[in-house]
Amino acid sequence: FVAPSHLAHRIKVSLPQDHQRQQEAPKVWYVHWLRAGSMVAGMAALVWSVGLYLSVPSSQQRLTEELISNHARSLQVDHLSDVISTDKHTVKPWFNGKLDYSPPVIDLAQQGYPLTGGRLDYLDHHPVAVLVYRHNQHPINLYVWPSKESDASSQTFDRQGYQLIHWVSGGMGYWVVSDLAMKDLQTFVDDWSAVR
């Protein structure tokens with residue numbers, strides 16, 4: 001079967017011309033690049049968000065930095081103690097009325113860590129008791145406040161030239177900060193726990 005010539009002419013006229021196809025091609029190319037660009041921008045935003053999330057310090061990191069700053073500040077302005085005494089029966093009652101809890105105060109002079117006083121500080125959005133000890137002229141700040149965590153053995157940290165040890169016992173959270181060698185500071189914590 002052979003098609004009539006006028007049918008072939010009608011089909012050619014109804015098809016788009018070459019110049020129309022050339023004008024549509026850049027539009028298609030532009031749409032593809034626009035989609036690719038938005039995908040790249042979305043991926044960049046996702047990577048930036050993940051990086052920002054990972055760079056935010058944890059609450060424990062923030063508390064550790066706050067403890068170090070507080071310890072260093074107490075040494076710089078000579079505000080190591082609000083109450084200066086080697087007698088635990090003077091230091092412990094000093095906290096009465098200043099805190100809504102009674103911190104345990106232990107004298108470790110026989111173990112080589114004499115009590116030298118105490119002070120009131122503000123950490124982690126609440127007031128805390130700080131007991132001050134010494135070992136070979138190195139001050140040791142022992143931060144004490146109530147904790148809802150269950151008892152936990154000590155964790156050690158080393159930041160900015162300071163040693164820190166954290167543990168939880170008997171409903172109280174303890175943080176020790178000093179520039180002492182870690183083994184000496186661990187001995188302090190062991191002696192504290194043994195006497196308590």
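**Close-up 1. Asn136 and Gln137 sit in the loop between strand 3 and strand 4.** Asn136 is found in the loop between strand 3 (126–135) and strand 4 (138–146). Gln137 is found in that loop too. Strands here are DSSP runs of E with at least two residues, and helices are runs of H or I with at least four residues; both are numbered from the N terminus. This is a predicted model: local features need pLDDT of at least 70, side-chain atom pairs count only at pLDDT 80 or more, and totals for chains, interfaces and linings use all residues. Residues are numbered from 1 along each chain as its sequence is written, and side-chain values use heavy atoms, with hydrogens and water left out.

Phi of Asn136 is near 50°, a positive value in a residue other than glycine. Phi of Gln137 is near 70°, again positive in a residue other than glycine. Most residues other than glycine have a negative phi. Asn136 is exposed, with a relative accessible area of 61%. Gln137 is exposed as well, at 67%. Exposed means over 50% relative accessible area, buried under 20%, and partly exposed in between (1.4 Å probe, protein chains only).

**Close-up 2. Asp121 is a buried residue in strand 2.** Strand 2 covers residues 115–123 and includes Asp121. The relative accessible area of Asp121 is 17%, so this residue counts as buried. Its side chain makes a polar contact with the side chain of Asn70, at 3.1 Å. The side chain of Asp121 also makes a polar contact with the side chain of Arg119, at 2.7 Å. A polar contact is a pair of N or O atoms within 3.5 Å; within protein, one must be able to donate a hydrogen and the other to accept it, and residues adjacent in sequence count only if both atoms are side-chain atoms. Leaving aside neighbours within four places in sequence, Asp121 is in contact (heavy atoms within 4.5 Å) with Asn70, His126, Pro127, Val128 and Val130.

**Close-up 3. Ile11 lies in helix 1.** Helix 1 spans residues 5–14 and holds Ile11. Ile11 is partly exposed, with a relative accessible area of 45%.

**Overview. The protein has five helices and seven strands.** Of its 196 residues, 33% count as buried. Residues 24 or more positions apart account for 55% of the contacts with a separation of 6 or more.
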